[in-house]
Amino acid sequence: TFLSNKTTKESWQPHLLAYQLLQGWAVAHFHPLLGLLRQRKSASSGFVKSPVAAGSPLRLAGAHGGKFMCFERDWLRKDLNVIGFGLIGWLAPSSIPANGGKSLSGLFFESIGTELAHFPTPPPLTSQFWLWLVTWHLGLFICLTLGQIGFKGRADEYF
């Protein structure tokens, strides 16, 4: 009956049952979002428009405009307190004189001045400016990152 030209509702029953069982097994074992898929899809044709608009299987009511979002829209969640306290939190320890009576910030800003003295010419690769630039900014970005984790972790009551 499967290869015959006549297709009846009874000839498709075993295939439909197998499809529904496979779909139920996949929903239970693979992904919770698959449960949002409709149980039965009606057959459609490209020549005739469906009277009902097809919906997205990932559309959730109450989500951002009907769209499923994995992350919050404001994932960065910037906070000016983090930037301010992070900058102060890095400038304070980097301004402690530890390297021959000079601080990291002092060495970095002094090297900026010496390199600006011959401005159109860039600093050579052997210049101490690059070491102070990388070290100072690496410390600043680590401080800002840990500050963001601390502020948002405290706000979300992780700790």
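1. The protein chain has four helices and zero strands. Here helices are DSSP runs of H or I with at least four residues, strands are runs of E with at least two, and both are numbered from the N terminus. From the N terminus on, the order of elements is α-α-α-α.

2. This is a predicted model, in which local features need pLDDT of at least 70 and side-chain atom pairs count only at pLDDT 80 or more, while totals for chains, interfaces and linings use all residues. Residues are numbered from 1 along each chain as its sequence is written, and side-chain values use heavy atoms, with hydrogens and water left out.

3. Helix 2 (residues 80-94) packs against helix 4 (residues 128-155) at an angle of about 135 degrees, and their axes are 9 Å apart. Axes are lines fitted to C-alpha atoms, for helices over the stretch in contact, and angles run from 0 to 180 degrees between N-to-C directions. The two helices, helix 2 and helix 4, are therefore oblique to each other; angles under 35 degrees count as roughly parallel, over 145 as roughly antiparallel, 65 to 115 as roughly perpendicular and the rest as oblique.

4. Which residues of helix 2 and helix 4 meet? On the helix 2 side they include Phe85, Leu87 and Trp90, and on the helix 4 side Trp136, Leu140 and Phe151 are among them. Contact means heavy atoms within 4.5 Å.

5. Buried residues make up 14% of the 159 residues in the protein chain, where buried means under 20% relative accessible area (1.4 Å probe, protein chains only). Of the contacts in the protein chain with a separation of 6 or more, 47% join residues 24 or more positions apart.

Key: Buried means under 20% relative accessible area, exposed over 50%, partly exposed in between (1.4 Å probe, protein chains only).
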